[in-house]
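Welcome, and please have your viewer ready with the cartoon shown. We will go from stop to stop, with something to select at each one.

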Amino acid sequence: MNWLRRVMIGRYGVDQLSIALLVISVILTIVGIFPKTHVLSTLALIPLLLCYFRTFSKNTRKRYEENQKFLSFWNPIRNTFTKRVERSKDKTHRFFKCPKCSKTVRVPKGKGKICITCPICKEEFIRKS
Ligand SMILES: [Zn+2]
């Protein structure tokens, strides 16, 4: 493992964007198995090579900036997904969107018709919990 450590000195290494490129490459490879043409499998090489290039790149500042751009695009998507999963697991609360400011409000489940006051804009609306 020491030789690998020596090779990686001063190099950027793996980050979220590199992992995403690797995942795209794997997906293209798997999808590319089924059709008889090798277009997708060949296309899968592009993100794979980009991933290698980024990992071994010595221009760490540029790679860091690329990763930040990727994260500013990816994090909202990931957060929306994790919120949905958490809400579907929550069996004791219901979630409603405020009709005025669109903020999500969490209320306890099974309380019948209740008047909900939005904590942000103080708008009141009635929903069945
Ligand atoms: Zn509101």
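Two strands pair if DSSP finds at least two bridges between them; strands (E, at least two residues) and helices (H or I, at least four) are DSSP runs, numbered from the N terminus. What you see is a predicted model, where local features need pLDDT of at least 70 and side-chain atom pairs count only at pLDDT 80 or more, while totals for chains, interfaces and linings use all residues. Residues are numbered from 1 along each chain as its sequence is written, and side-chain values use heavy atoms, with hydrogens and water left out.

**The hairpin.** Select residues 93-97, strand E1, and residues 104-108, strand E2: they pair in the antiparallel sense over 5 bridges. Click on Arg94 and look across to Val107 in E2, which stands opposite. Now move to the 6 residues between the strands, where Ser102 takes a positive phi near 65 degrees.

**The zinc ion.** Which protein atoms are the donors of the zinc ion? Show the SG atoms of Cys98, Cys101, Cys118 and Cys121, which lie 2.2 to 2.3 Å from the zinc ion. Donors here are N, O and S atoms within 2.8 Å of the metal (3.2 Å for Na, K and Ca); water is not among the atoms, so sites may look incomplete. The 4 donor atoms subtend angles of 105 to 116 degrees around the zinc ion, so the arrangement is tetrahedral (four donors with all angles between 85 and 135 degrees). Along the sequence, the donor residues follow the spacing C-x2-C-x16-C-x2-C.

**The annotated spans.** Next, select residues 12-33 and 39-56, which an unreviewed UniProt entry annotates as "transmembrane region"; such annotations may be inferred rather than shown by experiment. Residues 12-33 are 82% helix and 0% strand, with end C-alpha atoms 32 Å apart. For residues 39-56, the figures are 94% helix, 0% strand and 27 Å.

Definitions and conventions
Four donors count as tetrahedral if all angles lie between 85 and 135 degrees; four count as square planar and six as octahedral if opposite donors are over 155 degrees apart and all others between 65 and 115; anything else is irregular.
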